[in-house]
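Student: Please show me the model. I would like to go through its core and its charged pairs.

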Amino acid sequence: MRESGAGLTLVLVIGVGVLAATGATLLLERSLTRILLGVILLGNGVNLLILLAGRSGGAPVVGTGPAGEFSDPLPQAMVLTAIVITFGFTAFVAAVAYRSWYLTGDDEVQDDLEDRKIVQLAEENEVPTADLGGEGPGDDPEQVDPGPARRRLRRSGGGQ
């Protein structure tokens, strides 16, 4: 690794980027199986990134060589801890996905009913986006939010 260290490091950095980007993309999916794969890929990308942050060298065992040529043991310990955390989180998401499959026959995350109500209320109170022109500086709906009371008057046909 010392002779061609720059090329190998570049390949590892690109690997970290691919793992992290793919994992983050899969985390945004609605299927719990894809979310699980995203957690695994993102965890592996972060572990590889932590390992790249450390200094390479010999095994950090006292008495086997000069202290300046040892690899840094802290990133290795951090990766071991991260592996355990990722394994635990992976087991949790796998259990949730299995339970969802067992109860509903599908592993897709459903919309929350409260979220649907909030979206529906927001659409009902939405200001028209068409620019009617000729408004004064305070009457342009694209520039000033008229507030709930004026919206109700405008919807009911009353004057402003």
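Tutor: A nonpolar core is a set of buried Ala, Val, Leu, Ile, Met, Phe, Trp, Tyr and Cys residues joined through side-chain atoms within 4.5 Å. Buried means under 20% relative accessible area, exposed over 50%, and partly exposed in between, with a 1.4 Å probe and protein chains only. The model is predicted: local features need pLDDT of at least 70 and side-chain atom pairs pLDDT 80 or more, while totals for chains, interfaces and linings use all residues. Residues are numbered from 1 along each chain as its sequence is written, and side-chain values use heavy atoms, without hydrogens and water.

Student: Which residues make up the largest nonpolar core?

Tutor: In soluble globular proteins, nonpolar side chains tend to be buried together. Here the largest such set has 5 residues: L32, I35, L36, V93 and A97.

Student: Which helix gives the most to this core?

Tutor: Helices are DSSP runs of H or I with at least four residues, numbered from the N terminus. Both α2 (32–53) and α3 (73–104) supply at least two residues of the core. The top contributor, with 3 residues, is α2.

Student: Which residues is L32 in contact with, leaving aside its neighbours within four places in sequence?

Tutor: Contact means heavy atoms within 4.5 Å. L32 is itself a member of the core, as are V93 and A97. With those neighbours left aside, the partners of L32 are V93, V96, A97, S100, D107 and V109.

Student: How many salt bridges does the count come to?

Tutor: A salt bridge is a side-chain nitrogen of Lys or Arg within 4 Å of a carboxyl oxygen of Asp or Glu. By this rule the count is 3.

Student: What is the distance between the closest N and O atoms of E29 and R34?

Tutor: E29 is partly exposed at 32% relative accessibility, and R34 is partly exposed at 44%. These two residues form a salt bridge, and the closest N and O atoms are 3.5 Å apart.

Student: How many residues apart are R30 and E108?

Tutor: The side chains of R30 and E108 form a salt bridge at 3.9 Å, N to O. R30 lies in the loop between α1 (5–27) and α2, and E108 in the loop between α3 and α4 (113–124). The pair thus links distant parts of the chain, with a separation in residues of 78.

Student: Which helix holds both E114 and K117?

Tutor: Their side chains, E114 and K117, meet in a salt bridge at 4.0 Å, N to O. E114 is partly exposed at 46% and K117 at 48%. The two are 3 residues apart, about one turn, in helix α4.
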